[in-house]
Amino acid sequence: MEGLERIDPWRLRVPRRDPMRVEPWIYADERIRVEEDSVRQLQDAAAVEGVWRVLATPDIHVGYGVPVGSVVATSGCVLPSAVGYDINCGMRLLATPLARREVDVERLARDLRREVPLGEGKANVRVSPGGLEAILDRGVAGLSEAAGADHAAWRERDPREEAADRECMEDGGSMAGDHRQVSPRGRERGAAQLATLGGGNHFIEFQEVEAVLDTAVAGRFGLAAGQLLVMMHTGSRGLGHQVGTDYMGLASGGARGADRRLGVLSLDCPEGRSYVGAMNAAANFAFANRQLLTVLVRAVLRRHLGRDLPVPLVYDVPHNMAKRERHEGREVWVHRKGATRAWPARLMAGTRFADCGQPVLIPGSMGTASYILVGTEASAESLHSVNHGAGRVMSRSQAAGGRHGRRRRRGAGEGRPAAISDEAFREAMRGVLLLAGDRAAVKEEAPQAYKDIDAVVHVVCEAGLARAVARLRPVAVLKG
DNA sequence: ATGTGC
């Protein structure tokens, strides 16, 4: 793209000019498409008060104010639009001890579909107001206090298993949340939404380990070729969305640059500290959501494959979150929006990953491979961050030809790339069982609407930010 | 992403 300067085969520079305060860079090679509008968003983010670093991963694409696939570090303030609406949207991977070929995956997937509401606006587990407060304040650690929900996802929890699970979650599945900073409307939206999947790119997928790329680390993560895994991708649902809406609105009042969406909240003011409490509360809700979905997944696996089947959690990683971290000797707020923390062994001291580094879970698009990576010391240059997925190349309406393909516009719509045909979609999904909550909407997530995950992962590995541990192949996918 | 938009 014009205006970008190539640093080396894996890095592009966005030259600094007024009013930018810092110079962003992008991890991308010649195969990675970088939209002009997403570069403009990086330039705008680089002009925000208090900004210290701006960088983008190869899955970069346009987001609300700040691109998805970006890392923005600030000092003294937070930037809610650099976290986005789906606070603590993240990935979780469960391992089974079984080979995919010895399991009837289709039966499992169809059974799980009956347990998990798919799509937007769905409800499942309802908790009391006090129970919700415990979850918002302590995440997975608050689940045992939030007793009383009459639901299988609650009754079938195993406290010992849950304690072991917490050792395999970023921040132990528990941030310093403050339920009082979540608006009543946000709490209402979340009250009955635990153990739901949501829509868009969220999924639960049965996968097979197709290739082990680092035998030693894969062994440490409990992964071996041919193994059946369950991966999930979901976040904080309507509750997190409401937190994002409330605080982006609050921050926009003080926005100084061209884009009103890029308002910051100073941590010297109550509003900034409130956002941190509310964001952490929403993050806790998302951790609890993935935990209760895990209970349902385990219940289905055990019903079919044996009551005592071990189904350990490999790891749980957020990819939309702001966290206070120490980088290059200073305390900064690292906002990862569609970017995943990738800590090397040294930074995992005191955890069960102290000898190998943090598992990094990278989904491809629907119907394509996913990857397990591990962080490296060299990822310090990206503030220990990698991509979060493949990244869009087509908007939703573009992929489906209008909202769910129903609206086919003439005139203004002419000249834009053609929508994905039903035949091309079927071909791309060949060999993968697709169970979709909304048959029309699912085409918005077609593989063709996304970048090539192999190319994206290639860049972060070649740039030295992570090492590839395993490549996973989808077998059956549940979508919203 | 989202009880989905002018």
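In this predicted model, chain A exposes about 18,600 Å² of surface, and carbon and sulfur atoms supply 47% of that area. Turning from the surface to the interior, buried residues make up 61% of the 480 residues in chain A.

**Overall form**

The chain is built with 12 helices and 19 strands. Its C-alpha atoms fill a box of roughly 65 × 50 × 50 Å when the box is taken along the principal axes. For 480 residues, a compact globule would have a radius of gyration near 23 Å, and the value for chain A, 21 Å, agrees with this expectation. The contacts can be described in terms of sequence separation as well: among those between residues at least 6 apart in sequence, 77% join residues that are at least 24 apart. As for charge, chain A carries 66 positive and 60 negative side chains, and the centres of these two sets lie 3 Å apart.

**An aromatic cluster**

How many aromatic pairs does a search of the whole structure find? The search finds four. In one of them, the rings of Phe221 and Phe353 have their centres 6.0 Å apart and their planes at 75°, and because planes over 60 degrees apart count as edge-to-face, the pair is given that name. This pair links distant parts of the chain, since Phe221 belongs to helix H7 (residues 215-221), while Phe353 lies in the loop between strand E14 (339-341) and strand E15 (359-362), 132 residues apart.

Phe353 also takes part in an edge-to-face pair with Tyr315, with 5.3 Å from centre to centre and 90° between the planes. Here, too, distant parts of the chain are linked, for Tyr315 sits in strand E11 (residues 313-318) and Phe353 in the loop between E14 and E15, 38 residues apart. Phe221, Tyr315 and Phe353 together form one aromatic cluster.

| Residue | Relative accessibility | Class |
|---|---|---|
| Phe221 | 6% | buried |
| Phe353 | 4% | buried |
| Tyr315 | 2% | buried |

**Two further residues**

Asn280 has its place in helix H9 (residues 270-305). With a relative accessibility of 7%, Asn280 counts as buried. Leaving aside residues up to four places away in sequence, Asn280 touches Leu136, Met175, Ala176 and Gly177.

Ser266 is found in strand E10 (residues 265-266). Its relative accessible area is 24%, so Ser266 is classed as partly exposed. Which residues does Ser266 touch, not counting those up to four places away in sequence? They are Gly76, Cys77, Gly272 and Arg273. Distance along the chain and distance in space can be set side by side for Ser266 and Gln41, which are 225 residues apart in sequence and 21 Å apart in space, taken from C-alpha to C-alpha.

Key:
Residues are numbered from 1 along each chain as its sequence is written. Chains are lettered from A and ligands numbered from 1 in the order in which they are written. This is a predicted model: local features need pLDDT of at least 70, side-chain atom pairs count only at pLDDT 80 or more; totals for chains, interfaces and linings use all residues. Side-chain values use heavy atoms; hydrogens and water are left out. Helices (H or I, at least four residues) and strands (E, at least two) are DSSP runs, numbered from the N terminus. The radius of gyration is taken over C-alpha atoms; the globule rule is 2.2 Å times the number of residues to the power 0.38. Buried means under 20% relative accessible area, exposed over 50%, partly exposed in between (1.4 Å probe, protein chains only). Contact means heavy atoms within 4.5 Å. Accessible areas come from the Shrake-Rupley method with a 1.4 Å probe; for residues, only the protein chains shown count as cover. Lys and Arg count as positive and Asp and Glu as negative; His and the chain ends are not counted. The place of a charge is taken as NZ of Lys, CZ of Arg, CG of Asp or CD of Glu. Rings of Phe, Tyr and Trp (its six-membered ring) pair if their centres lie within 6.5 Å; planes under 30 degrees apart count as stacked, over 60 as edge-to-face and the rest as tilted.
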